[in-house]
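Please read these notes alongside the sequence and the coordinates. They go point by point.

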Amino acid sequence: LLRASAGLYSELDGPEARIPVGFSTIGRVVERRKISINNDVRNDGESVNAEWLKHEEVTSSGIYPLLIGDRVVGVLAVYGKQPFSEAVASELALASKVFAQFINRKQSEEKLRLAQDELSRYTGKLEKLTEERTSSLREVVQQMEEFSYTISHDLRAPVRAMQGYANALLEDYGEKLDQTGREYLERISRSGDRMDRMIREV
């Protein structure tokens with residue numbers, strides 16, 4: 001469907017406000033993508049608003065498809081009370097090309113605006129999701145740090161106790177132990193030192 005209004009006829013809700021493609025001269029111009037110049041428009045029986053043509057004493061029409069490549073972006077329909085000369089028809093053809101480019105540019109700008117709006121919404125959602133994931137990650141890291149601290153604290157206590165008892169035995173009863181017994185206690189103490197370092201590095 002085509003939406004149209006021009007010059008003396010400017011009603012958007014009149015008979016020619018919405019014209020099916022292929023119906024009447026305007027619709028067939030779109031379908032065929034070819035210019036139509038008619039200098040006896042009241043007698044061709046093609047117009048959907050013959051009463052308006054008669055009332056306004058319109059005798060001629062120039063219907064131009066607004067083309068971008070092979071795509072129709074609109075129609076320029078011009079009516080006159082005098083026959084269209086070749087010069088006028090040529091000027092209207094040139095004007096139709098300018099209008100087509102203008103419409104195409106406006107459509108492209110609208111598509112770009114919609115794309116930018118969509119990108120902006122997507123970016124907003126992505127930023128929100130990133131913030132949520134970052135916040136969640138911070139919580140996990142904090143929980144891991146708290147867990148590591150708790151484990152480290154809980155593990156170091158028995159290790160320190162083991163080292164303390166081993167050292168106490170060496171100091172208080174070392175002379176009463178044979179060489180093998182003292183080596184066992186020294187190994188326990190050294191192993192406790194290594195384990196304590198490992199726990200601190202967790």
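This is a predicted model: local features need pLDDT of at least 70, side-chain atom pairs count only at pLDDT 80 or more; totals for chains, interfaces and linings use all residues.

1. Where is the place of Leu126? Leu126 lies in helix α3; helices (H or I, at least four residues) and strands (E, at least two) are DSSP runs, numbered from the N terminus. Residues are numbered from 1 along each chain as its sequence is written.

2. Leu126 counts as partly exposed because its relative accessibility is 41%; buried means under 20% relative accessible area, exposed over 50%, and partly exposed in between (1.4 Å probe, protein chains only). Together with Leu119, Tyr122 and Leu129, Leu126 forms a nonpolar surface patch of about 400 Å² accessible area. Areas are by the Shrake-Rupley method with a 1.4 Å probe, and for residues only the protein chains shown count as cover. Patch residues have over 30% relative accessible area and no salt bridge, with like charges joined within 9 Å and nonpolar side chains (Val, Leu, Ile, Met, Phe, Trp, Tyr) within 5 Å. A salt bridge is a side-chain nitrogen of Lys or Arg within 4 Å of a carboxyl oxygen of Asp or Glu.

3. Leu170 is also placed in helix α3. Leu170 is partly exposed because its relative accessibility is 23%. Not counting residues up to four places away in sequence, Leu170 touches Arg182, Leu185 and Glu186 (contact means heavy atoms within 4.5 Å). Between Leu170 and Glu186 the C-alpha to C-alpha distance is 7.9 Å, at a separation of 16 residues in sequence.

4. β4 and β5 pair in the antiparallel sense over nine bridges; two strands pair if DSSP finds at least two bridges between them. Pro65 stands opposite Val75 in β5. The two strands form a hairpin with two residues between them, and Gly69 in the turn has a positive phi of about 70°.

5. Gln82 sits in the loop between β5 (71-80) and α3 (86-173). Gln82 counts as exposed because its relative accessible area is 57%. Leaving aside neighbours within four places in sequence, Gln82 is in contact with Thr59 and Ser60. Gln82 and Val58 are 24 residues apart in sequence, and their C-alpha atoms are 7.7 Å apart.

Notes. Side-chain values use heavy atoms; hydrogens and water are left out.
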